[in-house]
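Have the structure open as you read.

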Amino acid sequence: VAADVYDAPTTIVSDCTADATADLQAWIATVPDGATARLALEGCYKTEGPILIKDRAGLTLDGNGSTLQAFTDGSAYPPPDPYFTHKWPQKRTRVTVLRGSAVTVTNIVLRGGNPNAGTGVAAEVPALQMQHGVEFIGTADGAFTHSEAYDLYGDFAYTEHFTQEGWSRFPLTNDARRQQYF
């Protein structure tokens, strides 16, 4: 049985000319659990803040070949949710999945704002090292598939268990892979 698909409204800027973080966040919040939120075909969304998928079940974020692009390190922008406040902008990911179950992020390109990304000394900025492409925190049965991530200060993908009081302990193995299932 195919899930219902909700296409991103054409009113959300998808050519990277204006920040679309808040508009994408508001739209994703309207997509019901068990459905697919699909971005514009091969669009480019300027997102200086992370896209937060919080306490959702069975939601799929289908990038449809689109890019979520940051152009800065995020320090000039406020944290979009209290979850990020304690480590902002260090924890400014492209996509964060917080708790929930069976959430999938697929077919998306995630670009960070690191102008020196790579393996050289200039690529490592400890104050921004948690700016991952995608992170799954306390999520059961999540998946990150058929996607790419570039120009990050942090890792391609990061997964972590969730414990009492909302803080994490014992990160899962942090392997850079093209696809991650957990």
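Leaving aside residues up to four places away in sequence, Thr 60 touches Ala 35, Thr 36, Ala 37, Thr 104 and Thr 106, where a contact means heavy atoms within 4.5 Å. Thr 60 counts as buried because its relative accessibility is 19%; buried means under 20% relative accessible area, exposed over 50%, and partly exposed in between, with a 1.4 Å probe and protein chains only. Thr 60 belongs to strand 6, residues 60–62.

This is a predicted model, in which local features need pLDDT of at least 70 and side-chain atom pairs count only at pLDDT 80 or more, while totals for chains, interfaces and linings use all residues. Residues are numbered from 1 along each chain as its sequence is written, and side-chain values use heavy atoms, with hydrogens and water left out.

The confidence score, pLDDT, runs from 0 to 100 for each residue:

| Part of the model | pLDDT |
|---|---|
| Chain | mean 88; 87% of residues at 70 or more |
| Residues 163–182 | under 50 |

For residues 163–182, the model has 45 contacts beyond four places in sequence.

An open sheet is formed by 4 strands in the order 5-8-11-14, with parallel pairing. Strand 5 (51–54) and strand 14 (157–160) are at the edges with a single partner strand each, so one side of each has no neighbour in the sheet. On average, neighbouring strands of this sheet are turned by 10° against each other, direction ignored; axes are lines fitted to C-alpha atoms, and angles run from 0 to 180 degrees between N-to-C directions.

Strand 11 (residues 134–137) runs parallel to strand 14 and is joined to it by 4 bridges. Ile 137 has Glu 160 of strand 14 as its bridge partner. Strands are DSSP runs (E, at least two residues), numbered from the N terminus, and two of them pair if DSSP finds at least two bridges between them.

Technical notes. pLDDT = per-residue confidence, 0-100.
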